[in-house]
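Subject: Structure handover

Hello,

Here is the structure for you to look over. My notes follow below it.

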Amino acid sequence: MNTFEIIKTANKNLWRHKLRTFLTVSAIFVGAFTLTMTNGLGDGLRDYIENQVKNIEGNNVLFVRKKFETENKDAPKTDAPAEYKETVQDEDGNLIDPNTVLATLPQMEAFTKEIPEIKTITPSYRIDGEYIMLEGSKKYQLELGMLSEGVTQKAEAGRTIDGENQIMLPLSLARAFDENIKNLVGKTATIAYKVGQNGEIKTQNLQIVGVATKGFMSNYNSFVDAKTARTIYEDQSQNNQFFNQFGNFTFLLTTGETKRVGEIKKALDAKGFSAETIADQKKRTYDGIAIFQLGMNLFALVALLAASFGVINTLIIAVLERTKEIGLQKALGMSRGKVFLLFTLEAVLIGFWGAVLGIAAAFGVGQIVNLYAARELFSSFEGFQLLIFLPQSILIVVALVCGITFVSGVLPALRASRLNPIEALRYE
C-alpha cells in the first residue's frame, strides 16, 4: 500500500461513522474559524496602518527629544511635589536644565558636536495656519505642518518638497480646488496665519509642488519646507516666553547604515536624549498590533486544544472498533510504520477538513463584516478593510490546525501500531 492509497484509506475510514466525524470536525471548525478571523483582524489593522504611515519616509533621519530627568522610576509614586534641580554644566560647558524637556538649537548643536555624521539639525517648529486660497478661489481652513530636511512625502501628483517657499497639499484640500489635482502643481497658493496678540492676519505666497498621498498626518495637514516654517514660527512666537526653545528636533545624518545609526542613538541616549527613526516608529506600531493579534489568537488556540481531546477520543474509539481489521492488515504484511501513518493521517485529515470549513466560513463572514463596517462603522476611514485574509496567514492556520491534530493522533496511532496481530484477531 503506497502513500496515496493510505491517504485514500484514511479519508474513507473517517466517514465510516459520519456523525462522530462530523462532530469532531465541527469542534476543529470553531477553532479554525476563530483563528482565521483574529488573523484577518490583525492583518486588516496592519495593512491600513501601513498604508497610512508609508507616505512619510526618511531613511537617514533621526527624531530626537530631550529626556526628562526624573527620580528613581522604581520608587513608589506619591503626591509630593517634584524637587527643583539647579541648572548644571557638562564637561564641555553646555548648560543642562533638568527641569525642562525644551532645548535651543545652539544647545543641541553643542551637545552633538562630537557626532560627525549629523549633517543638519532642524527644530520642530510649532506653526498654525488660518486659511489657504488660490487666485479667484474660495478660502479654506488651513492646518499647517513642516517637512524637515531629509524627510520626504509620497505624492499623488507632483513631487515632495525639495526647496524653499514650497507647499504640499493634502488630497482632500487639493480636490476642493480642482478635481484634476495635477492641474494644481506649479500654481501659487496664498496661505494666511495670525500673528501678534491682536490676531493680525499675515499672508505668504508659496508654490504648490505636489499633492500628498493620504496618511495619518497628510489627511488634513498642508506641509511646508523648514525655512518657511521658521518664518511663520518667528512671526507667531517671537513674544512667547519659550521662543526658540523646542521639545523635538530632527537630525539629518550622512549615513543610514543600521549599525552606525544604532551607535548614534546610544551616544545621544548617554547625553540625555531619546532618538528614533521612522522605521522605529513603524516597528513600535506593528509590534503593538502583533501583541494584540497574539492575544486574540490565544482564545482560538484554547478552542483548538479543547477540540484536540475530541480527536484523541475519536481515534481511540476507532482503534478499538477496528482492532480485528488492524490485526488482519498486519498479518497480511502491513508494517507498524504504515499503521501509525494511517491513523495519524486520519487525525491530520480531521484537522484539514475542519480548517478548510473554518477558513471558508471566515471568508464568507468577513465579506459581510467588511461591507457593513465600511458602510456603517468606519465610513470615515477611506480604504479600511476590517478583515484581510492573506495567503500566508491562511497557510499558517492550516499548518497549525493540522499540526495540533497530528500531535493529538500520535497516542492512538502508537496504540494501533503496537497491536499484536494474533491477539488483535482474537479481540472481541
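A helix here is a DSSP run of H or I with at least four residues, numbered from the N terminus. Please keep in mind that the model is predicted.

Surface first. F352 sits in helix α9. Its relative accessibility is 32%, so F352 counts as partly exposed. Partly exposed covers the range between under 20% (buried) and over 50% (exposed).

The largest nonpolar core has 44 residues. Which of them touch the most other members? They are L62, M108, I132, L169, F251 and L268. Setting aside neighbours within four places in sequence, L268 contacts L62, V64, T112, I115, F251, F273 and A275. Another core lies apart from the largest one. That core has 37 residues, including V339, L342, I359 and A413.

One more residue to check is I278. Helix α7 (residues 278-321) contains I278. Is I278 buried or exposed? I278 counts as buried, because its relative accessibility is 7% and the cut-off for buried is under 20%. Beyond residues up to four places away in sequence, I278 touches I56, E57, G58 and F63. I278 and I56 are 222 residues apart along the chain, yet their C-alpha atoms are separated by 8.2 Å.

Best wishes

Key. Residues numbered from 1 in each chain as written. Predicted model: local features only at pLDDT ≥ 70, side-chain atom pairs only at ≥ 80, totals over all residues. Heavy atoms only, no water. Helix = DSSP H or I, 4+ residues; strand = E, 2+ residues; numbered from the N terminus. Buried < 20%, exposed > 50% of the residue type's maximum accessible area, 1.4 Å probe, protein only. Core = buried A, V, L, I, M, F, W, Y, C linked by side-chain atoms within 4.5 Å. Contact = heavy atoms within 4.5 Å.
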